[in-house]
Amino acid sequence: MPIKPLLASLALLILPALAQGQPLLEVRGPDAGGAEVTLQFDEAGLAALPNADIETRNDYVDGRTRFTGPLLRDLLAQIALAPADKLILRAHNDYHVTIPAQDIFDYDVIAARHMDGTPMTIRDKGPLWIIYPMDDHPELMTPEYHNKLVWQLKSIEVE
Amino acid sequence: MRRLHVVRAITLAFVALALLGTVAAFRALDHRVQDLKIQEHSNPVWIVSQLEYEALRFDNALKTYLLGEVEAAQVGFRLDIMWSRVDVMSHGRHRQVLADYPDAVIALADIQAALTQLDTLVASFPPQADAASAAGVARALELSRGIKDRVHALILRVLSVKSKRDAKTRADFVTLAGWTRLLSVGTGVALSVLMIYAWLNAERQRRHSRAQQRLLREAQAASEAKSQFLSVVNHELRTPLTSIKGGISLLLGGADGVLSPRSERLLQIAHDNCERLGLIINDLLDLEKLEAGKMEFCFARESAASIVAETVEGMTQFARGHDVRIAVAATQGEDIVLADRYRMVQALTNLLSNAIKFSPRGGCVDVRIDRADRQLSIVVTDHGCGIPEEALGSIFEKFTQVDSSDKRAKGGTGLGLSIAKSIVEKHGGAIAVQSTLGQGTTFTITMRPALQQDRPHPPEGPAEAA
């Protein structure tokens with residue numbers, strides 16, 4: 001593999017990582033008191049939360065793959081969520097989808113940071129990829145849920 | 001009848017074929033539906049158009065960078081997004097779908113090559129566009145335009161191929177549906193034919209069974225009539241016979257004084273013949289009673305040896321007349337059976353009589369009692385001319401005698417064995433015959449010995465034959 005593109009990719013990757021304050025994810029919603037809050041998570045912030053391992057297949061990987069990242073319910077722990085709430089997931093490539101908040105409590109939905117132990121770059125669907133545990137819950141293996149596997153996740157907001 | 005069978009065979013074959021065909025058609029349909037499901041959320045046109053969108057945005061980023069409106073990082077970011085699109089197209093389901101379009105695979109390879117070149121170029125961009133990087137940006141724009149054109153051409157190609165395939169799939173579906181419909185109708189028709197055939201068959205069987213029952217009733221009626229006829233005729237024969245015998249006996253007894261030797265001889269012959277006639281009538285009557293099930297048996301605990309002894313004693317005169325000896329042998333042990341003494345003696349007498357008649361002069365008839373585990377046998381053996389194998393099967397039938405020329409020589413009604421068999425079977429026993437031509441014949445009566453607790457009533461079923 002040519003060296004220059006590799007260096008370029010590394011530069012693009014490491015820069016945000018080195019600048020520790022660089023946010024990887026933004027979370028917006030009402031807090032317990034009803035006020036609108038914006039939470040920002042950087043690399044360290046994400047690592048500080050309990051990370052879950054999800055091994056699953058889905059339409060975008062070639063086989064059973066191990067994803068590691070914080071659970072959505074932990075990311076949104078400081079947000080007051082009502083059962084009927086909806087969450088808008090936005091991606092860097094302007095894709096967005098709405099999921100029911102109930103999903104993150106019914107299932108171990110994670111914002112995966114690592115794929116098979118390696119941190120994901122934008123080029124391979126990183127830095128964060130919403131992963132549902134589809135192998136563990138066959139009812140999730142539908143086109144509807146595959147559309148919710150938002151990669152290049154930028155923000156989560158409560159509708 | 002033959003024609004119906006042919007129709008049935010053809011119909012069955014057709015139904016089987018139709019069913020197989022329907023199953024195959026359904027499986028094919030199912031397969032197509034599965035394909036459809038995959039296509040549903042992985043439309044190749046959509047996949048490629050996503051790439052086109054990102055290619056356009058990258059091109060736009062390059063131009064705005066050139067205009068100084070954005071920084072190089074933005075261009076790099078857009079390049080990353082394009083790479084991620086290619087990455088998505090190279091894994092999982094999208095890869096599977098695109099593999100069906102060889103143009104897409106080639107195009108992707110070309111685009112990756114172009115992107116690799118762009119990597120080098122974009123990495124060298126200063127954060128703000130300046131004159132020094134103009135050449136690099138120009139080259140990048142050129143590559144970008146190349147990618148855009150490539151992707152757009154690919155979309156149109158994929159669209160065209162997909163439309164054709166969709167049309168074909170729809171046509172296939174319609175054809176399959178048509179076939180399935182046809183096969184279903186065919187199966188339905190075949191099943192109807194089968195059902196009609198089955199119903200017709202049942203009708204035929206009902207008619208057949210009714211006919212059979214009618215025949216059965218007729219046969220039973222005929223048998224009844226014959227029995228009654230025999231009974232009546234026998235009685236009508238006996239009465240005059242008794243009268244004749246009576247008269248002759250009186251004359252022989254001297255009712256009309258002393259007879260001349262000639263008269264006495266003639267009367268004696270007449271008397272003997274009356275005796276014989278009487279015996280024949282008795283046999284006929286007995287047989288009729290046995291067949292009608294009207295013969296009454298009086299069972300008691302009897303010794304087989306004593307039955308044999310009584311029979312042999314009664315046959316002594318007859319045997320001497322034929323110059324034949326009777327030898328009796330008995331094994332030690334219990335020989336009590338439940339039997340009607342009179343009737344068993346009768347049966348055994350018939351066997352012995354045959355044995356004596358068919359023994360050579362000076363010969364010997366053996367009577368033996370065998371006691372085995374659960375069975376008692378009375379065996380009568382003669383050393384006469386034997387019975388041919390083909391005659392053995394019908395030996396116990398009425399009016400059957402081996403070799404009609406013999407009949408006149410040996411006498412008898414041909415009823416003796418038939419009566420003996422009936423009597424033995426009514427005792428719950430069995431009778432069997434064995435014979436070798438030129439050496440002799442053996443008749444064996446087998447019965448179940450009476451157990452301590454047996455009461456004098458007719459045994460249940462026949463004992464096993466030897």
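## About the model

This is a predicted model, in which local features need pLDDT of at least 70 and side-chain atom pairs count only at pLDDT 80 or more, while totals for chains, interfaces and linings use all residues. Residues are numbered from 1 along each chain as its sequence is written, chains are lettered from A and ligands numbered from 1 in the order in which they are written, and side-chain values use heavy atoms, with hydrogens and water left out.

## Where chain B meets chain A

Let's start with the interface. Here 25 residues of chain B are in contact with 19 residues of chain A (contact means heavy atoms within 4.5 Å). The size of an interface is often given as the accessible area lost when the parts come together. Between chain B and chain A the buried area is about 1,900 Å², and carbon and sulfur atoms give 56% of that (buried area is the accessible area, with a 1.4 Å probe, that two parts lose on being put together, summed over both).

The rule finds eight residue pairs in polar contact across this interface, both residues at pLDDT 80 or more (a polar contact is a pair of N or O atoms within 3.5 Å; within protein, one must be able to donate a hydrogen and the other to accept it, and residues adjacent in sequence count only if both atoms are side-chain atoms). It also finds six salt bridges there (a side-chain nitrogen of Lys or Arg within 4 Å of a carboxyl oxygen of Asp or Glu). A salt bridge joins the side chains of A:Arg123 and B:Asp119, at 2.6 Å from N to O. On the chain B side, helices H2 (44-66), H3 (72-89), H4 (92-99) and H5 (102-123) each supply at least two residues (helices, H or I of at least four residues, and strands, E of at least two, are DSSP runs numbered from the N terminus). H3(B) gives the most, with 11 residues.

## A cavity in chain B

The structure holds one cavity of 30 Å³ or more (on a 1 Å grid over the protein atoms alone, a set of points where a 1.4 Å probe fits but cannot get out; lining residues have an atom within 4 Å of a point). Its lining includes B:Leu351, B:Asp382 and B:Phe443. H9(B) gives the most to this lining, with three residues.

## Two backbone details

Most residues other than glycine have a negative phi, and most peptide bonds are trans. The bond from A:Gly126 to A:Pro127 is cis, with omega near -5°. A:Asp94 has a positive phi, near 70°, and lies in the loop between strands E5 (86-91) and E6 (96-100) of chain A.

Methods. 1 Å grid on protein atoms, 1.4 Å probe; cavity = no way out; pocket = protein on both sides within 12 Å on 5 of 7 lines; lining within 4 Å. Points joined across faces, edges and corners; volume = space filled by probe spheres on them.
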